[in-house]
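Please keep the sequence and the coordinates in view while reading.

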Amino acid sequence: MEDIKSSPAILPKLPHDAMVIIPVRYLVLFPGMIVPISMGREASIAAAREAVRTDREIGLLLQHDSEVDTPRADELYQVGTAASIMRYITSEEGGHYIVCQGQQRIRVLEFLEGFPFLVARVERIEDSIDDGNAIEARMIPLKQLTAEVIDLLPQASAELVAATQNMGSATALADFVAGLVDLPLQQKQEILETDDLSARLDKVLDALSARLEVLRLSEEISAQTKERMEDRQREFLLREQLKTIQDELGEAESVNAELDKLSEGIARAAMPQDVEAHARKELQRLKRMPEAAAEYSMLCTYLEWMTELPWAISSEDRIDIAAARNILDEDHFGLLKVKRRILEHLAVRKLNPGGKSPILCFVGPPGVGKTSLGQSIARATGRKFARVSLGGVHDEAEIRGHRRTYVGALPGNIIQALRKAGTNNCVVMLDEMDKLGSGGMHGDPAAALLEVLDPEQNGSFRDNYLAQPFDLSKVMFIGTANMLDTIPGPLLDRMEVLHLPGYTSEEKKQIAHRYLIHRQLDADGLRAEQCRITDDAIDALIHDYTREAGVRNLEREIGNVFRHVAMRVAEGSAQQVTVDAGDLVDILGPAKFESELALRTSLSGVATGLAWTPAGGDILFIEASRMPGSGKLILTGQLGDVMKESAQAALTLVKAHAAELQVDPEVFDKHDIHVHVPAGAMPKDGPSAGVAIYVALASLVRDKPISHDCAMTGEISLRGLVLPVGGVKEKVLAALQAGIKVVMLPARNRKDMDDIPEAARKGLRFVWLETVDDALHEAIGHLIIGDTV
């Protein structure tokens, strides 16, 4: 090592109050610390050599920016540490190192010129007196935190804890802890620059507390990571031991047997050539994979799905049109048009088995037998039946499946239904298609169904899980829905819609005797001779306890009656019970429905309309009233925009016909008119209430009551024409059930008469409306437009 002190002096003499300054990039030295410093800058080397030669201390100042190679005086912090050089070392490779010990904090007063390195006049910062209760109160928690931090530091000696606990000087303790703990350089510099001892201790406490939380979290993460690694190593060792034990016991063949079983399943599945090649490739990959691999079980499950799907398994079509007709008649009463269309569908399938038949969609209110019709079709054709419920499905993956990369991935509901059915030509019923969830971040399930229900595309349906095409062209898809409004147009366009209207009271009675009574007797454990229900009781259940388009609630009420009888039989209080209409009050309570026509239509301004709902038809009362005002139209009853527009059009039409109605036009200017549709909690919309609103308003302004036994439906135009509406059959059945005698329908709806049951045509008188004048003539019998009264 070069003898620096003996080298000649070639520099100007340093003033006695000056100090050699060495900038440091990544170090804040506190008094008492001993650290090695590597020097690479020529100015720093020269400064250190001069300090050694003259036996002076050096000043260490932190740079503002560690990336600057030659910092100027203004690029250094002004507070640093005076340090003595304990050793100066040069390596064989030419490196220069010094070992320094911090002595005292200094503050730069000014930098001096004329030297090849930084020289500054400095003042030494004297430490404040560290006595008093406030200082001692801070030293106690600082020593405790320091001990906890040292315990968490890797490779920290136990002597450090003893050293900190034995320190009596608060200044020395603060400097020692600040230098010991790994803190950001700016934070250390801030502590170094703090003159007040209490404030400096507070900053060290805050920094130490934050660092302790980080060390605790790091220790916890390290422990968890070590535990996981140990679990994996333990699992690996156990698997290896298990494999060795299986080899010794001769049970190692079980794994090979499983792989052989998969290979046989691939051969037996009769997959298409490309699909089988893909399955063989995956099987070979599985054979090369260790059992402990995370992908092993996933790949096994995938190949099991591939081998269990009915790629080439078809049930034999046994289409006998006469037998199919008998099955449909056995399972369902009425529905003649729907049965005829189903038989036509089956006839085409029989004559052209390879043809692409349309997708049928049964639309109708709840309880009319849509789902059971699909089961009857499967029974008539000898096919397997599978049902896929689409109600509430909002994820496209429910139809197309999840990709295998996801944990717990499965094929979509379509492929799952085929696997459950076991044949590739089964009957798949897509139930509740109108209740599909809307598309969102998970995709649109309705859009995924477009390929499933398109005969031109579903021959190569691709499920995301299988990632291979599957032929769905042989599957007979049947959809069901309560309404068409919520089914997207492109999806609806792929299906042939068959409407299933509600049943008449007579049809419900026949259904009850043919199906419901026998089914409920079996469900409740009764024999036919133990319980008999009269026709009058059935009529009372239909009219007074249920008001629906289907028969689901009727079956429920029959079940309630039979359970009451079953309890009496089980108790031994009766052996044979006959239930008549008069007994229903004691069993089911008071009647749930009663006619309100007599009360509601006894006043002028009240008209009876007909409405269509997803549960079938219903009667709708339109109430109009007037009061002194400024000619405003008030609409209430939770009306939709279309119905509000119908009310506006009806009022405009009444005003336009004021002269013909013998009404003073000033009546509309001096009165407000309020139109209300009761059952305000139920949303109502549609244009078909236009005629009823017009008749109610005309009755109001003429103060003439409307005939109590007539109901009407139809859209109106501003010219007074009555336009056609939909849901005629459901509306007519609702009128028949409510006791209406006269039904007024748009003349352009005459074509719908064929859909109306014979019982309804015989029990009602139909009036066909061309204009709103026809409605007034019928509804207000003694009010004829133009008459003077």
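A residue is called buried when its relative accessible area is under 20%, exposed when over 50%, and partly exposed in between, with a 1.4 Å probe and protein chains only. The structure is a predicted model, in which local features need pLDDT of at least 70 and side-chain atom pairs count only at pLDDT 80 or more, while totals for chains, interfaces and linings use all residues. Residues are numbered from 1 along each chain as its sequence is written, and side-chain values use heavy atoms, leaving out hydrogens and water.

Helices (H or I, at least four residues) and strands (E, at least two) are DSSP runs numbered from the N terminus. Helix H4 spans residues 170-180, and because 8 of its 11 residues are buried, the helix is largely enclosed by the rest of the structure. Among the buried residues of H4 are Ala170, Thr171, Leu173 and Ala174; Asp175, Val177, Ala178 and Gly179 belong to that buried set as well.

Charged side chains come next. A salt bridge here is a side-chain nitrogen of Lys or Arg within 4 Å of a carboxyl oxygen of Asp or Glu, and the whole structure holds 33 of them. Arg400 pairs in this way with Glu396, their closest N and O atoms lying 3.5 Å apart. Arg400 is buried at a relative accessible area of 17%, whereas Glu396 is partly exposed at 21%.

Lys435 takes part in two of the pairings described here: with Glu432 the N to O distance is 2.9 Å, and with Asp434 the closest N and O atoms are 3.3 Å apart. Lys435 itself is partly exposed, at 36% relative accessibility. Glu432 is also partly exposed, at 24%, but Asp434 is buried, at 8%. Elsewhere, salt bridges that share partners link Arg105, Arg107, Glu123 and Asp195 into one network.

Patches consist of residues with over 30% relative accessible area and no salt bridge, like charges being joined within 9 Å and nonpolar side chains (Val, Leu, Ile, Met, Phe, Trp, Tyr) within 5 Å. The areas come from the Shrake-Rupley method with a 1.4 Å probe, and for residues only the protein chains shown count as cover. Lys and Arg count as positive and Asp and Glu as negative, without His or the chain ends; the place of a charge is NZ of Lys, CZ of Arg, CG of Asp or CD of Glu. On these terms Asp535, Asp536, Asp580, Asp583 and Asp586 form a negative surface patch. One of them, Asp580, sits in the loop between strand E15 (577-579) and helix H20 (584-588), and its relative accessibility of 34% makes Asp580 partly exposed.

Three further loops deserve attention. Lys356, between helix H11 (336-351) and strand E7 (359-363), is exposed at 55% relative accessibility. Leaving aside residues up to four places away in sequence, Lys356 touches Pro455 and Glu456, contact meaning heavy atoms within 4.5 Å. The C-alpha atoms of Lys356 and Met476 are 9.8 Å apart, although 120 residues separate the two along the chain.

The other two loops each hold a non-glycine residue with positive phi. For Ala270 the value is near 55 degrees; this residue lies between helix H7 (253-269) and helix H8 (273-287) and is partly exposed at 41%. For Gln638 phi is near 60 degrees. Gln638 is located between strand E18 (633-636) and helix H22 (641-656), and at 46% relative accessibility Gln638 is partly exposed.
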